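Dear colleague,

Please find below the structure that I am handing over to you, followed by an account of what was found in it.

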Amino acid sequence: MAFRRERGDSFIREELTLAIRNDLKDPRVGSAVITEVELSKDRRFARVYVTSYEGDEALQEALIGLESAKGILKRHLGRVLAWQFTPELGFYADRTWQYGAKIDALFEQIAAEEPATEPPRSEDDDAGPATDS
């Protein structure tokens with residue numbers, strides 16, 4: 001059953017992405033990127049995670065635009081899904097890329113603060129391989 005739900009997640013994500021790009025004229029959703037969709041076990045509710053690479057303000061505007069276009073998107077899904085019902089859509093902010101960028105910046109800062117030192121070499125390292133004669 002999990003495989004079937006994952007296929008549904010993927011299909012809904014692709015269809016919503018197409019609908020946002022082709023059907024919606026709202027400029028607020030232009031920067032929206034659907035990162036993930038999670039269907040409930042009974043497939044009656046879909047959590048749609050959205051991000052915007054243009055910042056937090058653009059993400060909030062995109063979420064407002066998507067909420068206002070929920071009916072259009074649900075109607076689009078109803079036409080392409082061969083299910084008895086169309087899942088209710090809920091839009092949520094996905095900020096994982098921002099957390100990843102913060103972690104990368106911290107790693108770069110740590111690397112810049114640590115002096116690049118080589119481990120001390122012992123006299124045996126210069127001697128080369130030992131030979132028995």
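Arg-47 stands opposite Gly-90 in strand 3. Strand 2 and strand 3 run parallel and are joined by six bridges. Please note that this is a predicted model, in which local features need pLDDT of at least 70 and side-chain atom pairs count only at pLDDT 80 or more, while totals for chains, interfaces and linings use all residues. Residues are numbered from 1 along each chain as its sequence is written, and side-chain values use heavy atoms, with hydrogens and water left out.

The sheet is open and is formed by three strands in the order 1-2-3, with mixed pairing. Two strands are taken to pair if DSSP finds at least two bridges between them; strands (E, at least two residues) and helices (H or I, at least four) are DSSP runs, numbered from the N terminus. Strand 1 and strand 3 (88-93) stand at the edges with a single partner strand each, so one side of each is left without a neighbour in the sheet. From one strand to the next, the twist averages 25°.

Helix 2 packs on this sheet, where it touches strand 2 and strand 3, and its direction makes about 175° with that of strand 3. Here axes are lines fitted to C-alpha atoms, for helices over the stretch in contact (heavy atoms within 4.5 Å), and angles run from 0 to 180 degrees between N-to-C directions.

Helix 2 (residues 56-68) has 13 residues and reaches 19 Å from its first C-alpha to its last, close to the 18 Å expected at 1.5 Å a residue; the expected span is 1.5 Å times one less than the number of residues. Its buried residues (under 20% relative accessible area, 1.4 Å probe, protein chains only) are Ala-58, Leu-59, Ala-62, Leu-63, Gly-65 and Leu-66. Seen down the axis of helix 2, these fall within an arc of 165°, so they line one face of the helix; the arc is that of the directions from the helix axis to the C-beta atoms. The face turned away from the buried side carries Glu-57 and Ser-68, which are exposed (over 50%).

Asp-9, in helix 1 (residues 2-22), is buried, with a relative accessible area of 14%. A polar atom of its side chain lies 2.9 Å from the backbone nitrogen of Leu-39. Leaving aside neighbours within four places in sequence, Asp-9 is in contact with Val-37, Glu-38 and Leu-39.

Finally, Arg-43 is found in the loop between strand 1 (33-39) and strand 2 (45-51). Its phi is near 60°, a positive value in a residue other than glycine.

Yours sincerely

Conventions: Polar contact = N/O pair within 3.5 Å; in protein donor to acceptor, adjacent residues only side chain to side chain.
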